[in-house]
Amino acid sequence: MAQALPFLRLETARPQRPPARAVGVERARETGLRFDVLPESARVFVDGRAVGLARQLESLVALAPGVHQVSVQLTGHATWRAEVLVGDRPEPIQVTLTATP
């Protein structure tokens, strides 16, 4: 009678995956300029583009971080101009135009 061979068991080795890490998703912060302008009928410009009348501006004019050219104009008043650096937080801008004689 033939002798039975011992049963061989094959196992496939699977590479272990590294443990899953929690990935924090950082919420993008809105940044830009917050204007407080008098008189409120003055026009506000950013980088040569009209963004609106001071009284109509939302609480934040959203802008990319970096340097921006800002001007505030109203007939009969001296124009206010500035170069403003916008960082990762909103930058407040307070302007009171002076009437010209």
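Which residue is the bridge partner of V44 in β3? Keep that in mind while you look around; what you have open is a predicted model.

**Stop one: the four-stranded sheet.** Select β3, β2, β5 and β6, in that order, and you have an open sheet with antiparallel pairing. Its edges are β3 (49-53) and β6 (80-86), each of which pairs on one side only. Look along the strands: neighbours in this sheet are turned by 25° against each other on average, ignoring direction.

Now zoom in on β2, residues 43-46, which pairs with β3 in the antiparallel sense over four bridges. Click V44 and look across to β3: there is your bridge partner, G52.

**Stop two: the three-stranded sheet.** Pick β4, β1 and β7 next; they make an open sheet in that order, this time with mixed pairing. β4 (61-62) and β7 (91-96) are at the edges with a single partner strand each, so one side of each has no neighbour in the sheet. Follow β1 (residues 32-38) to β4: the two run antiparallel and are joined by two bridges. Select L33 and you'll find V61 as its bridge partner in β4.

**Stop three: the core.** Show side chains for L33, F35, V37, V44 and V72. Of the 17 residues in the largest nonpolar core, these touch the most other members. β1, β2, β5 (66-73), β6 and β7 each give two or more residues to this core, and β1 gives the most, with three.

Leaving out residues up to four places away in sequence, V72 touches V37, A42, R43, V44, T79, W80, V95 and L97.

Conventions: Residues are numbered from 1 along each chain as its sequence is written. This is a predicted model: local features need pLDDT of at least 70, side-chain atom pairs count only at pLDDT 80 or more; totals for chains, interfaces and linings use all residues. Side-chain values use heavy atoms; hydrogens and water are left out. Two strands pair if DSSP finds at least two bridges between them. Axes are lines fitted to C-alpha atoms, for helices over the stretch in contact, and angles run from 0 to 180 degrees between N-to-C directions. A nonpolar core is a set of buried Ala, Val, Leu, Ile, Met, Phe, Trp, Tyr and Cys residues joined through side-chain atoms within 4.5 Å. Buried means under 20% relative accessible area, exposed over 50%, partly exposed in between (1.4 Å probe, protein chains only). Contact means heavy atoms within 4.5 Å.
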